[in-house]
Amino acid sequence: LASFVAQTSHVVMGRLLLYRVAEDDDVLPRAFSDTALEDLVNLSASNLTHIPPVIDRIVSQRAELERFVPMIYTYGEFDWWHIPVEKRAVKLHTETLELAVWDADLSVILLRALQRLNYYSFDSLDTDIWHRVYQYYLPAEERQRLGGFYTSESVVEELLTECRYSADTPDLCKRSFIDPACGSGTFIVVALRRLLSHLSAD
């Protein structure tokens, strides 16, 4: 159960982090930072809604982004923490009270996470941020337990060069690239950086 809950938090935080990066790069509208976050905090404090505003916004943004990045935002087993309105309506009174406590606790945690993410500027990010989160913020024992071993960017750079996947490789955009065990995506980030450099040189 602890492992499942940990994986759930990784999925939720990964989605929020990706959204924040997209906000700061002006790819997506502000929903979780700056004044949008202030509004969310104020709405949560008023507590006038059936579903807490932060949970409601996260769920609605996930549904909207499912079309944009389905591999990350498709509703699945790690979304168990969200109880839809139609299921809330059939809960018994005692279950409804327990759910209200659960919602309040979850809202506090999610708002704290969003406030922490709001301290950072993610514009012009060109690194594998998820790798850094795992490497620097997860204890070594937890990384070991999760099987998290991350290839350093310098090793990735060397391997891609050896495979002749470089910005100066002729017809680079016609070549295929696959990383079947991509983990946090370091190979993909470095390969994309090289591909973008190749395309900008043409």
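**Group meeting: helix packing and an aromatic cluster**

Let me start with Pro-53, which sits in helix H3; helices here are DSSP runs of H or I with at least four residues, numbered from the N terminus. A quick word on the source: this is a predicted model, where local features need pLDDT of at least 70, side-chain atom pairs count only at pLDDT 80 or more, and totals for chains, interfaces and linings use all residues. Residues are numbered from 1 along each chain as its sequence is written, and side-chain values use heavy atoms, with hydrogens and water left out.

Back to our proline. Is Pro-53 buried or exposed? Its relative accessibility is 10%, so Pro-53 counts as buried; buried means under 20% relative accessible area, exposed over 50%, and partly exposed in between, with a 1.4 Å probe and protein chains only. Setting aside residues up to four places away in sequence, Pro-53 touches Leu-40, Leu-43 and Ser-44, where contact means heavy atoms within 4.5 Å.

Now to the helix pairs. Two packed helices are described by the angle between their axes and the distance between the axes. The axes are lines fitted to C-alpha atoms, for helices over the stretch in contact, and angles run from 0 to 180 degrees between N-to-C directions.

Helix H3 (residues 53-65) and H6 have axes that come within 8 Å and cross at roughly 70°. That makes H3 roughly perpendicular to H6; the classes are roughly parallel under 35 degrees, roughly antiparallel over 145, roughly perpendicular from 65 to 115, and oblique for the rest. Which residues make the contact? From H3 we have Val-54, Ile-55 and Ile-58, and from H6 Asp-103, Leu-106, Ser-107, Leu-110, Leu-111 and Leu-114. By class, this contact of H3 with H6 has seven nonpolar, one polar and one charged residues. For the classes, Ala, Val, Leu, Ile, Met, Phe, Trp, Tyr, Cys and Pro count as nonpolar, Asp, Glu, Lys and Arg as charged, and the others, Gly among them, as polar.

Next, please look at helix H2 (residues 34-46) against H6: the axes come within 11 Å and cross at roughly 160°. That makes H2 roughly antiparallel to H6. On the H2 side, the contact is made by Asp-34, Leu-37, Leu-40, Val-41 and Ser-44, and on the H6 side by Leu-111, Leu-114, Gln-115 and Asn-118. The contact of H2 with H6 divides into five nonpolar, three polar and one charged residues.

On to the rings. Phe, Tyr and Trp (its six-membered ring) pair if their centres lie within 6.5 Å, with planes under 30 degrees apart counted as stacked, over 60 as edge-to-face and the rest as tilted. By this rule there are five aromatic pairs. In one of them, Trp-80 and Trp-102 have ring centres 5.9 Å apart and planes at 35°, so the pair is tilted. Where do these two lie? Trp-80 is in the loop between helix H4 (70-73) and helix H5 (85-88), while Trp-102 is in helix H6 (residues 93-118), 22 residues apart. Trp-80 is partly exposed at 38% relative accessible area, and Trp-102 is partly exposed at 33%. Ring pairs also join Phe-4, Phe-78, Trp-80 and Trp-102 into a cluster.

Most residues other than glycine have a negative phi. Asp-26, in the loop between H1 and H2, has a positive phi near 60°, and Asp-26 counts as exposed at 68% relative accessibility. Asp-171 has a positive phi of about 55°; Asp-171 is partly exposed, at 47%.
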